[in-house]
Amino acid sequence: MASMATFFVKTTFPSHSLTKSFETRFAPPSKVNVFVGVRSRIHPGLRVSSGLIEPDGGKLVELVVDHSARDLKKGEAFQLPRVKLSRIDIEWVHVLSEGWASPLRGFMRENEFLQTLHFNSLRLDDGSAVNMSVPIVLAIDDEQKQRIGDSKRVALFDSSGNPVAILNDIEIYKHPKEERIARTWGTTAPGLPYVEQTITNAGNWLIGGDLEVIEPIKYNDGLDHFRLSPSELRNEFAKRNADAVFAFQLRNPVHNGHALLMTDTRKRLLDMGYKNPILLLHPLGGYTKADDVPLEWRMKQHEKVLEDGVLDPETTVVSIFPSPMHYAGPTEVQWHAKARINAGANFYIVGRDPAGMSHPVEKRDLYDADHGKKVLSMAPGLERLNILPFRVIEERSCTFLCTYASLIQVVIVPIVCRLLHMTRLRAEWHSLTLQGLKTSSSYQAPRLFCSVQMRTLARNKESPPDGFMCPGGWKVLVDYYDSLVLSGNGTMPEAVPA
């Protein structure tokens with residue numbers, strides 16, 4: 001998730017929306033459209049939805065068997081052909097079991113897989129469509145396929161030999177790896193993290209079917225209490241009397257630029273007429289690449305952000321989203337948005353290059369930084385979700401007070417400019433110039449974005465600019481880099497194998 005200030009740029013929503021204009025301190029006045037639900041009530045000057053958004057398909061699909069049937073299902077599992085699950089496979093079982101992918105009832109069969117690859121959506125029996133942009137599939141090899149034979153059921157086991165789930169009414173079909181990679185990532189370049197972890201060496205077959213998950217998925221890592229299911233989140237929102245839920249996904253620590261986006265979003269929703277909008281701060285908790293800050297440390301940092309009052313605990317719900325990370329840009333951001341609908345969110349904040357990464361071979365971004373938010377505004381099956389985009393301000397448009405000239409090295413100005421945009425500095429600061437800097441229109445400052453620079457400063461134990469991050473949160477980040485044990489060649493540790 002990108003992290004720069006300005007957001008709420010103009011976007012397009014379906015014709016059944018109402019429009020209300022408002023101002024934000026960082027951008028010219030723009031329009032945000034407010035979806036009017038079936039159930040609505042009148043506030044002065046605006047009608048807004050009064051209930052949580054319905055899940056895709058109208059009902060959450062929850063696949064964990066009743067407690068009374070668990071021993072029976074365990075016994076059945078030991079009598080069936082077995083498929084061993086990787087760590088990432090188990091994360092997908094978790095996603096499916098709690099209804100994040102509703103209306104999916106298990107790993108995709110071939111018709112669902114093809115709809116996902118070619119249409120980024122699934123057609124329901126009533127003719128309507130729901131968004132589904134990433135394949136949720138389970139791969140098996142030739143030997144496993146032969147062992148399954150004519151059986152219509154298989155048991156899914158973890159690496160320790162414990163039964164996790166039963167897959168019923170199975171369908172086995174070819175695994176078109178190249179097509180899957182090309183259509184999901186838009187490239188087949190080597191070095192895509194998720195591809196190397198889960199596809200390159202995976203089996204040549206995919207197996208789909210209806211899941212019966214024997215017990216709720218737990219990781220016993222001290223963070224399970226943060227892993228609220230869509231049903232639990234909906235109950236929490238109802239308990240807090242939420243009349244709007246706005247979701248913010250990130251896979252980085254929270255800095256004050258993030259916080260400003262979230263607090264300003266709540267203010268704008270109140271201005272629209274909502275009485276109690278609730279923030280879902282929803283860090284991704286599944287597989288991430290090796291250079292991302294691990295989940296355990298991110299959650300410590302998020303807790304400090306709440307403890308220090310940067311975000312209000314009364315109007316914020318912090319929970320872990322269990323999905324693995326693809327880094328598939330505009331394709332994957334649709335999945336991130338769709339899953340939050342199932343958790344009850346009707347607003348979704350999207351930033352620069354969501355779910356993106358650097359090209360694995362060439363020195364450039366893999367995806368256009370603006371395509372994620374543009375795709376979300378017109379993606380099939382996401383019409384009910386209000387997209388709140390923000391944009392990045394270029395470094396070359398940023399200038400400083402002349403009185404700071406003696407304190408700042410010219411070589412670090414582009415970095416500090418970027419960071420200052422995320423603090424609570426007022427717009428008038430930007431109208432002054434720093435003496436001695438190149439300020440011509442031809443000057444092109446390097447593109448250094450906050451999340452990257454944040455990690456660099458923390459790794460080097462350098463202090464960030466005042467107002468960049470709460471002190472407690474910054475200390476957690478520095479402690480994380482202190483805890484790293486570098487390998488002999490000075491490189492960062494590799495990701496834990498899937």
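The exercises below work through confidence, strand pairing, ring contacts and salt bridges in one predicted model.

Residues are numbered from 1 along each chain as its sequence is written, and side-chain values use heavy atoms, with hydrogens and water left out. Since the model is predicted, local features need pLDDT of at least 70 and side-chain atom pairs count only at pLDDT 80 or more, while totals for chains, interfaces and linings use all residues.

**Exercise 1.** State what pLDDT the chain averages, and which stretches have a pLDDT below 50.

*Solution.* Begin with the score itself, pLDDT, which is the predictor's confidence in each residue, from 0 to 100. The chain averages 79, and 74% of the residues score at least 70. Where pLDDT is low, the predicted coordinates should not be read in detail.

**Exercise 2.** Describe how strand β9 pairs with β5 and with β10.

*Solution.* Strands are DSSP runs of E with at least two residues, helices are runs of H or I with at least four, and both are numbered from the N terminus; two strands pair if DSSP finds at least two bridges between them. First, β5 (residues 82-84) pairs with β9 in the parallel sense over three bridges, and V83 has L156 of β9 as its bridge partner. Second, β9 and β10 (residues 163-174) run antiparallel and are joined by five bridges, with A155 partnered by I166 in β10. The hairpin of β9 and β10 has five residues between the strands, and G161 in this hairpin takes a positive phi near 85 degrees. Finally, four of the five residues of β9 (residues 153-157) are buried, where buried means under 20% relative accessible area, exposed over 50% and partly exposed in between (1.4 Å probe, protein chains only).

**Exercise 3.** Explain why the pair of Y274 and F347 is edge-to-face, and which parts this pair ties together.

*Solution.* Rings of Phe, Tyr and Trp (its six-membered ring) pair if their centres lie within 6.5 Å, with planes under 30 degrees apart counted as stacked, over 60 as edge-to-face and the rest as tilted. The whole structure has 11 aromatic pairs. In one of them, the ring centres of Y274 and F347 are 5.7 Å apart and the planes stand at 90 degrees, so the arrangement is edge-to-face. Because Y274 lies in the loop between α8 (256-272) and β13 (277-281), and F347 in β15 (residues 347-350), the pair ties together parts 73 residues apart in sequence. Both Y274 and F347 are buried.

**Exercise 4.** Determine where K73 and E76 lie, whether each is buried or partly exposed, and which network they belong to.

*Solution.* A salt bridge is a side-chain nitrogen of Lys or Arg within 4 Å of a carboxyl oxygen of Asp or Glu, and the structure holds 27 of them. The side chains of K73 and E76 meet in one, at 3.6 Å from N to O. Both residues lie in helix α1 (residues 70-77), three residues apart, which is about one turn of the helix. K73 has a relative accessible area of 14% and is therefore buried, whereas E76, at 21%, is partly exposed. To complete the picture, K73, E76, R153 and E212 are linked in a network of salt bridges.

Definitions and conventions
Contact means heavy atoms within 4.5 Å.
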